[in-house]
Amino acid sequence: MHSLPFSVFTYSPSPLPTKATANVLSLPCSPYTIKTLSRVFSSAPLPTRKSSNTMATPSNYATACIPSDMGMAKSLWVKSCREKVLSLYSPFALCLASGTLNIDTFRHYIAQDVHFLKAFAQAYELAEKYADDDEAKLAISDLRKGVLEELKVHDSFIQDWGSDSVKNSPVNSATLKYTEFLLATASGKVEGLEATGKFATPFEKTKIAAYTLGAVAPCMRLYAFLGKEFKAFLLPNENDHPYKKWIQNYSSESFQASALRTEDLLDELSVTLTGEELNIIERLYHQAMNLETEFFYGQPVTQPTVAPLAKEHDPAKDLLIIFSDFDLTCTHVDSSAILAEIAIVKAPKSDQDQPEGQIARVSSVELRNTWDLISKQYAEEYNQCIESILPSEKVEFNYEALHKALEQISDFEKRANSRVIETGVLKGLNLEDIKRAAAPPILQDGCISFFQKIANSENLNANIHVISYCWCGDFIRAAFSSGGLDAMDIHANEFSFEECVSTGDIVRKVESPIDKVQAFNNIFQKYSDDRKNLTVYLGDTVGDFLCLLKADVGIVIGSSISLRRLGSRYGVSFVPLYAGLVEKQKEHAEGSPCFWKGQSGILYTVSSWNDIHAFILGL
């Protein structure tokens, strides 16, 4: 057993804690659960706590999660999470943050950035010309002055790090793409405009000023973001960081304020625009973010870097083995929540006669009551089990000691699964209902695209294995298959079926932390030693603990309280992934070999699949 059900038809003001969320209270009535079950039962949508709300889908999920009172510029920034993370993890940004960037690479970057800034000044000049409002003209003029001041700062960069030849450096293709895009936008050459370059009314001209701000704002915000991120790695009295001046410039209050003024102005100029015109701004913003990301990856970083892993990967000599948990690592909702709700909703009503020849089932009311009792008992016993294996005080990291302690969790998990089987709560689920419930909305943003890119890459020698407590391997296979991934290696439990209807029994394969790490070891042992094998494990809870620690790189997604509490008592360190990479890049530049080693007692933490994608694959 690995989670508790989400209440679909009844609102519970105090949701029960679940193992999957590890002592964090479970979310009430997830929209993904409801969307899933609505797809299974194709008649009227299921009632919800807020049945009038529109359900989030992969295309509008980011928008659905944005507060309604957030301005346009900030909402577009929120939806650009993937691009900002990719930029942050780029080899150029990583080396700059760590202070190890080759000086010739930095000189090249400064030369290209000068071309950028000149284009910005030109774009602002055109935007000021098109703006109809005097206050807007003045605000754009101030922004242009800020760019001219920034060019002066770059002159000081050239004096500190470069030479006169930097000023004469030709523009490269990545820079040219952005500058041409920006100047075309500022000139009114925007896809979707009928009269390109000719604007009869002040309102039409103001639109062009808004479009220009839509193409400039993401660059300003991205640099402000990078400046603040990099500043966190400067020591209080840091004098040795060669790029301290650059970091201080973009993390300064004045630059942060300039980025905010740009966004505020974009919001103001967008107020009177139509929905179609706002869509154009969103498209321009997204295109600008993509071009900025390409600009950072286009810098000539020739030195070895610790990320992305694919950069130093030689498919002829190396093998990357990626292991992943499924529930709440890949998904928004624990699969058992969905499977249990299908069983309850599809169960016969108390006054219904059951057709002859079908597997006998209890009524939906009885089933929900039984499930609630099992869930409550599970939560109480799980918390007691965690408490029983916690050392009274912090100890030094010892993998074997942790392994021994987690054997108690394993015994508990197996007893809990036996209880589920004995009560028959999972009888009568139709295989097709299960498959329909596993469509892509249950998967977290970026999960499918990450695995797809690995599967389709010709320059990466990699294998993927999913190791899961999930009761039904068919559910996992259907989830990935609906996203175009049919060749995933799934290691999970299976439902027992009779004529495509579940009997309530579970074919047990992976029930506990011990089972998971045994599956991990068995899989790894099948690979030969003729290549350099690197293992990465992605997980989120105590059930993944041993695998996370056994892998060369263990990455924790989310913030499981029980995992961190248990880990801290057993001497495990939880390090934000990007901070860990910056430190490793420093060590690598100082001559230490860059290698990842399992059972080090260090786990890396991330908040989303964007970080995982950027770290392993890059752009």
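**Salt bridges, sheets and a charged patch**

Arg144 and Glu125 form a salt bridge in this predicted model, with 3.7 Å between the closest N and O atoms.

Visitor: How many residues apart in sequence are the parts that Arg144 and Glu125 tie together?

Guide: Arg144 belongs to helix 7 and Glu125 to helix 6. The pair lies in two helices, so it ties together parts of the chain whose separation in sequence is 19 residues.

Visitor: How many salt bridges does a search of the whole structure find?

Guide: A pair counts when a side-chain nitrogen of Lys or Arg is within 4 Å of a carboxyl oxygen of Asp or Glu. For the whole structure, the search gives a total of 20.

Visitor: Which helices each supply at least two residues of the negative patch?

Guide: The patch of negative charge on the surface gathers Asp132, Asp133, Asp134, Glu135, Asp264 and Glu268. Asp133 sits in the loop between helix 6 (103–130) and helix 7. The helices that each give at least two residues are helix 7 (134–161) and helix 12 (253–270).

Visitor: In what order do the strands of the parallel open sheet stand, and which are its edge strands?

Guide: This sheet has 7 strands, paired in parallel, in the order 4-3-1-7-8-10-9. An edge strand pairs on one side only, and that applies to strand 4 (489–491) and strand 9 (573–576). Neighbouring strands here are turned against each other by 25 degrees on average, direction ignored. The order is thus 4-3-1-7-8-10-9, and the edges are strand 4 and strand 9.

Visitor: Which are the edge strands of the antiparallel sheet?

Guide: This open sheet consists of 3 strands in the order 2-6-5, with antiparallel pairing. From one strand to the next, the twist averages 55 degrees. The strands that pair on one side only are strand 2 (427–430) and strand 5 (494–498).

Visitor: How many bridges join strand 2 to strand 6, and which residue does Lys427 stand opposite?

Guide: Strand 2 runs antiparallel to strand 6 (residues 501–507), and the number of bridges joining them is 2. The residue in strand 6 that faces Lys427 is Thr503.

Visitor: Which residues of strand 6 are the bridge partners of Glu494 and Phe495?

Guide: Strand 5 and strand 6 run antiparallel, joined by 4 bridges. Glu494 has Val507 as its bridge partner in strand 6. For Phe495, the partner in strand 6 is Ile506.

Visitor: Which residue in the turn between strand 5 and strand 6 has a positive phi?

Guide: The two strands form a hairpin with 2 residues between them. In that turn, a phi of about 55 degrees belongs to Glu499.

Visitor: Where is Leu328, and what is its phi?

Guide: Leu328 lies in the loop between strand 1 and helix 14 (335–346). Although Leu328 is not a glycine, its phi is positive, at about 65 degrees.

Visitor: What is omega for the cis peptide bond joining Ala307 and Pro308?

Guide: Pro308 is found in the loop between helix 13 (275–297) and strand 1 (318–324). The bond from Ala307 to Pro308 is cis, and its omega is about -5 degrees.

Notes: Residues numbered from 1 in each chain as written. Predicted model: local features only at pLDDT ≥ 70, side-chain atom pairs only at ≥ 80, totals over all residues. Heavy atoms only, no water. Pairing = 2+ DSSP bridges. Axes fitted to C-alpha atoms, helices over the stretch in contact; angles between N-to-C directions. Patch = residues over 30% accessible without salt bridge, like charges linked within 9 Å, V, L, I, M, F, W, Y side chains within 5 Å. Areas by Shrake-Rupley, 256 points an atom, 1.4 Å probe, with all protein chains shown as cover. Lys, Arg positive; Asp, Glu negative; His and termini not counted. Charge placed at Lys NZ, Arg CZ, Asp CG, Glu CD.
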